[in-house]
Amino acid sequence: MVEPILELYRNQNVLQESLDLTRAIGSEISAAVDGSGEIIVTALWPDESAYQEWIEHPCRGKSVPELPSMLSGADVGVAKLYRIDDSVAK
C-alpha cells in the first residue's frame, strides 16, 4: 500500500499544493526502508499559527479525496508539533 500512496502524493502534487496554499517552508513524504509500510509526512512551518492555518484551510484534503479510503484500516498517527532548537543547512 506504500507505493500507491506515494504515487498519489507525486501525481496530485500534494506537497506542492500545501506549500502554494500556506506559509509552509518545506514538506516531505518518506517511506520506511525496512518494509514496515510506515510513511511519514513532515513539514517545516514558520510558527504554530501557520500550521493551524493549514489545518483549517478549506482546500485541505480536497485534492485527494481517495486518500481516506486508501488509509482505511491503517494505523494513522496523530500530528505532533515540534519546536526546532537548532539547525544547519547547506
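**Core.** I looked up the largest nonpolar core of this predicted model. Seven residues make up this core: Ile-5, Leu-8, Tyr-9, Val-14, Val-64, Leu-67 and Met-70. My criterion for a nonpolar core was a set of buried Ala, Val, Leu, Ile, Met, Phe, Trp, Tyr and Cys residues joined through side-chain atoms within 4.5 Å. I called a residue buried under 20% relative accessible area, exposed over 50%, and partly exposed in between (1.4 Å probe, protein chains only). Helix H1 (2–11) and helix H4 (67–70) are the elements that give two or more residues to this core. H1 gives the largest share, three residues. I took helices (H or I, at least four residues) and strands (E, at least two) as DSSP runs, numbered from the N terminus.

**Met-70.** Met-70 touches Met-1, Pro-4, Ile-5 and Leu-8, leaving aside residues up to four places away in sequence. Another core, of five residues, lies apart from the largest one. Ala-24, Trp-45, Ala-50 and Tyr-51 are among its members.

**Ground rules.** I number residues from 1 along each chain as its sequence is written, and side-chain values use heavy atoms, with hydrogens and water left out. Because the model is predicted, local features need pLDDT of at least 70 and side-chain atom pairs count only at pLDDT 80 or more, while totals for chains, interfaces and linings use all residues.

**Helix H1.** Which residues of H1 are buried? I found Ile-5, Leu-6, Leu-8 and Tyr-9. Seen down the helix axis, the buried residues of H1 fall within an arc of 155°, so they line one face of the helix. I took the arc from the directions from the helix axis to the C-beta atoms. The buried residues of H1 pack against H2, E1, E2 and H4. Just after H1, I noted a positive phi of about 50° at Asn-13.

**Salt bridges.** How many salt bridges does the structure hold? I counted four. I required a side-chain nitrogen of Lys or Arg within 4 Å of a carboxyl oxygen of Asp or Glu.

One of them joins Glu-3 and Arg-10, with the closest N and O atoms 2.7 Å apart. Glu-3 is partly exposed at 40% relative accessible area. Arg-10 is partly exposed too, at 48%.

Next I followed Arg-23. Its side chain meets that of Asp-47 in a salt bridge (3.3 Å, N to O). Asp-47 sits in the loop between strand E2 (39–44) and helix H3 (48–55), and Arg-23 in the loop between helix H2 (14–21) and strand E1 (26–31), so the pair ties together parts 24 residues apart in sequence. Asp-47 is partly exposed at 33% relative accessibility, and Arg-23 is partly exposed at 36%.

Arg-23 also forms a salt bridge with Glu-53 (3.1 Å, N to O). Glu-53 lies in helix H3 and Arg-23 in the loop between H2 and E1, so this pair ties together parts 30 residues apart in sequence. Glu-53 counts as partly exposed at 40%. I logged Arg-23, Asp-47 and Glu-53 as a network of salt bridges.

**Surface.** Which residues make the nonpolar surface patch of about 280 Å²? I found Ile-25, Leu-44 and Ile-84. Patch residues need over 30% relative accessible area and no salt bridge; like charges are joined within 9 Å, nonpolar side chains (Val, Leu, Ile, Met, Phe, Trp, Tyr) within 5 Å. Accessible areas come from the Shrake-Rupley method with a 1.4 Å probe; for residues, only the protein chains shown count as cover. Leu-44 lies in strand E2 and is partly exposed at 36% relative accessibility.

Methods
Contact = heavy atoms within 4.5 Å.
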